[in-house]
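I open this notebook to record what I looked up in one structure. The entries follow in the order in which I made them.

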Amino acid sequence: MTTDTSSKVLMELTEAHMETGLRGVPVGYCTTSYVDPQTGLHYVGRPVSEIAHEDPEAVIYLLLNKRFPDAAELEAFRAELKRRRHIDPQVFFALKTLPRKGHPMKWFLHAINTLGVTDATGDFREDCLNLIAKIPAATAAIFRLREGWGDPILPSEDLNYMEDFVRMLGVPGLDADGQARLTELMRVFDVVHLDHGGGNLSTFTGKAVASGLADMYESILAAMCGLAGPRHGKANQECLNFVEECVRAVGGTPSEGLTRELIQNRLANKLLIYGFGHAVLKVEDPRATVLIELGERLCPNDVNFRMVKMLRQVVPPILSQNPRIADPYPNVDLASGSLLHACGLENSDYYTVLFGMSRVVGIAIQVVYERCEARMGRGTPIVRPKYLYSPKGTSEGAAVDAMIAG
Ligand code: MLT
């Protein structure tokens, strides 16, 4: 007897699912990662906490090949990325023509679009590997040109992925120790941000655009537009600003009583609390746990980091009192900004670009799956959901909004 899996009922759709951002509605398969509400992010079945300190190239290989490389395979993969690292000087030239203002994410979008002009082959697999290889140099160039640190530093054949990224940043005034700390942070930051299941906004957007057979660069460009919003990738920037505001409000010393009072006042004044809650998770985001543990080693006395730890202790019990808040726990953004700041990247405007540099990897790999492997290699059809016609929208709209916010 055979089982017809195509008819398996995955969930029943009701009106309550309308206008909820497809929350929880299954729409496809993701072969790279999944996010479990209780245990968080897994890459190819492995909890992110277990692999956060692996070499970034090994984790990228895992996402691509669904297994970790042995030593020889890792070396070969590193060599392959190094071979593909070269950036057409026209990309740097295009960045140089931008006015030195505007959010760095706009520069990032410009860089990806220009890479598409100079490099697109139309082959999703080729473009995926090229983008993964080139994105650190393009990202570093954005920092250098927009901040006036100097000309872009070209990729080297000698260094590994994140080591070379930190070298190409060439952060002014960072000594060898500072460089080593930033490298240690960026290796972990990169790994924990590479992928987050199939349904986060940027990934879903990238795959949706690719479903119309836009090429890899166009699809990633669209994905990164999705990441640019403060409800998604830009939340890491907003969160550091919030943490700094809290530090100022308590007079520089994160005491428990003052912090609790501050949070209660913010809630009473309907001000947002950044760095807590997630659309899927119902526990502390393991990516936040990993970063806080790393912060204990890299910047234990940093005042922002101490505030992050105080918020981690104080906020969840307060938010839990609101029955509409399903996840009162820290998310990945709570700690990432304070660590970047303490390790030499002080301008929070760039944090979403760093998130994007990592996330391009997971999205590109998922695009390859949907275009080249899904449905026995035929690929998924063009995304085309149905909207119910209703000239006035639904009267339940407000109630549903409240449910989502909760
Ligand atoms: C992410 O890493 O993409 C965010 O946590 C958002 C999400 O998963 O929806």
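This is a predicted model: local features need pLDDT of at least 70, side-chain atom pairs count only at pLDDT 80 or more; totals for chains, interfaces and linings use all residues.

At what angle do helix α11 and helix α14 pack? Residues are numbered from 1 along each chain as its sequence is written, and side-chain values use heavy atoms, with hydrogens and water left out.

**Entry on α11 and α14.** I found an angle of about 95° between α11 (residues 235-249) and α14 (residues 303-320), with their axes 9 Å apart. The helix α11 is thus roughly perpendicular to α14 (65 to 115 degrees counts as such). I then listed the contacts (heavy atoms within 4.5 Å): Leu-240, Phe-242, Val-243, Glu-244, Cys-246 and Val-247 in α11 meet Val-303, Asn-304, Met-307, Val-308 and Leu-311 in α14. By class, I recorded 9 nonpolar, 1 polar and 1 charged residues in this contact.

**Entry on α6 and α10.** I turned to α6 (residues 124-147) and α10 (residues 216-227), which pack at about 55° with axes 9 Å apart. These two helices, α6 and α10, are therefore oblique to each other (the class left once angles under 35, over 145 and from 65 to 115 degrees are assigned). From α6, Phe-124, Asp-127, Cys-128, Asn-130 and Leu-131 meet Met-216, Tyr-217 and Ile-220 of α10.

**Entry on the ligand.** I looked up which residues surround the ligand (a heavy atom within 4 Å) and found His-196, Asn-200, His-232, His-278, Arg-287, Phe-355 and Arg-359. This shell has 1 nonpolar, 4 polar and 2 charged residues. An oxygen atom of the ligand lies 2.6 Å from a side-chain N or O atom of His-196. For Arg-287, the corresponding distance from a ligand oxygen to a side-chain N or O atom is 2.8 Å.

Notes:
A polar contact is a pair of N or O atoms within 3.5 Å; within protein, one must be able to donate a hydrogen and the other to accept it, and residues adjacent in sequence count only if both atoms are side-chain atoms. Ala, Val, Leu, Ile, Met, Phe, Trp, Tyr, Cys and Pro count as nonpolar, Asp, Glu, Lys and Arg as charged, and the others, Gly among them, as polar. Axes are lines fitted to C-alpha atoms, for helices over the stretch in contact, and angles run from 0 to 180 degrees between N-to-C directions. Helices (H or I, at least four residues) and strands (E, at least two) are DSSP runs, numbered from the N terminus.
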